[in-house]
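User: Hi! Could you walk me through this model step by step?

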Amino acid sequence: MDKKTLTFEDVADLDFTTIIWIAAPLMFLLVALESYFSYRQKKKLYGGKDFMASLSIGLGNIILNGFMKFGVFAVFLFFYNISPFRIPQTWWSYLICFIALDFMRYWSHRLAHEQRFWWSTHVVHHNSEYYNLSTSFRLSWTQNLKIVFFLPVILMGFHPFVFLVVHQLAVLYQFWIHTEYIKKLPKPIEYIFTTPSHHRVHHSKNEKYIDKNYGSTLIIWDRMFGTFQVEEEKPEYGITMPVDTYNPLYLIFHEWIAFFKDIFRAKSLKEAWTTIIGSPVDYHKREMAKKADAEVVPEE
């Protein structure tokens with residue numbers, strides 16, 4: 001197959017937020033409806049300050065991605081052009097790209113929960129104690145670091161347009177699963193796809209739910225790799241070391257601040273490396289234990 005080299009001119013009109021912007025009016029309508037019914041039914045699924053934090057983070061992410069567009073394209077083009085393969089743009093290329101990308105999204109998501117460095121790129125999506133459609137807006141401003149996980153998909157020879165369309169649809173899929181209004185769906189759907197029930201488990205800090213259900217669109221990866229957990233008890237949302245603020249900047253960067261403090265305090269390369277790949281949950285539990293010990297008043 002003829003191996004054509006792509007240039008910036010070939011992809012200049014591509015934008016990896018186009019589909020999101022097209023869907024945005026419907027998304028905001030659904031958020032408004034969910035908020036309205038939550039208020040009428042006294043479910044308390046929304047908090048005013050929490051919603052504004054989520055909205056600010058989401059809009060900031062879209063604006064930042066606009067500025068980073070050409071940098072991301074440069075990375076895509078470099079790895080696409082050095083790939084020895086070319087997969088033609090056909091209906092089945094989108095399907096294969098979807099499966100390959102969803103597989104990589106599972107592993108990038110899993111590492112984002114199991115290692116502190118990658119958790120710092122993801123924590124903002126979890127530090128709300130509410131679970132509603134607007135929670136899906138909480139996408140980290142440093143999440144583009146995870147592009148390294150998707151380079152193998154580019155190297156398979158998918159055209160950047162195919163990759164970006166599939167990627168946008170995968171991101172858009174995440175919107176509807178952030179709700180408490182949709183309970184469990186028919187068993188075939190629950191078995192194959194990530195549903196609101198599965199994702200409620202993922203956002204929970206209940207001990208049995210921690211580090212479960214990483215699937216992006218497909219839940220089958222969790223079933224295959226031992227991280228699946230069915231929704232049983234009512235989830236309690238948030239992170240194991242709560243952040244008592246609605247400041248968007250702090251919500252995004254607080255974990256980075258703690259991470260780099262520990263890196264600079266490390267007394268050896270081994271300790272620094274342990275910090276980088278260490279479990280954020282274990283770190284949070286240690287910090288919470290230290291805080292509890294410090295608050296104990298000695299008996300007289």
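Analyst: Let's start at one exposed spot: K44, at 71% relative accessibility, counts as exposed (over 50% relative accessible area, with a 1.4 Å probe and protein chains only; under 20% is buried and in between is partly exposed). This is a predicted model, where local features need pLDDT of at least 70 and side-chain atom pairs count only at pLDDT 80 or more, while totals for chains, interfaces and linings use all residues. Residues are numbered from 1 along each chain as its sequence is written, and side-chain values use heavy atoms, leaving out hydrogens and water.

User: Where does K44 lie?

Analyst: Helices here are DSSP runs (H or I, at least four residues; strands are E, at least two), numbered from the N terminus. K44 is not a glycine, yet its phi is positive, near 55°. Its place is the loop between α2 and α3.

User: Is K42 buried or exposed?

Analyst: K42 sits in the loop between α2 (18-40) and α3. K42 also has a positive phi, about 55°, without being a glycine. With 72% relative accessibility, K42 counts as exposed.

User: How are α3 and α12 oriented to each other?

Analyst: Axes are lines fitted to C-alpha atoms, for helices over the stretch in contact, and angles run from 0 to 180 degrees between N-to-C directions. The axes of α3 (residues 48-67) and α12 (residues 248-265) come within 8 Å and cross at roughly 70°. Angles under 35 degrees count as roughly parallel, over 145 as roughly antiparallel, 65 to 115 as roughly perpendicular and the rest as oblique. The two helices, α3 and α12, are therefore roughly perpendicular.

User: Which residues of α3 and α12 make the contact?

Analyst: Contact means heavy atoms within 4.5 Å. From α12 come P248, L251 and I252, and from α3 come A53, S56 and I57.

User: Which side chain makes a polar contact with the side chain of H122?

Analyst: H122 is in the loop between α6 (116-119) and α7 (151-155), and its 9% relative accessibility makes it buried. A polar contact is a pair of N or O atoms within 3.5 Å; within protein, one must be able to donate a hydrogen and the other to accept it, and residues adjacent in sequence count only if both atoms are side-chain atoms. At 3.2 Å, the partner is the side chain of H109.
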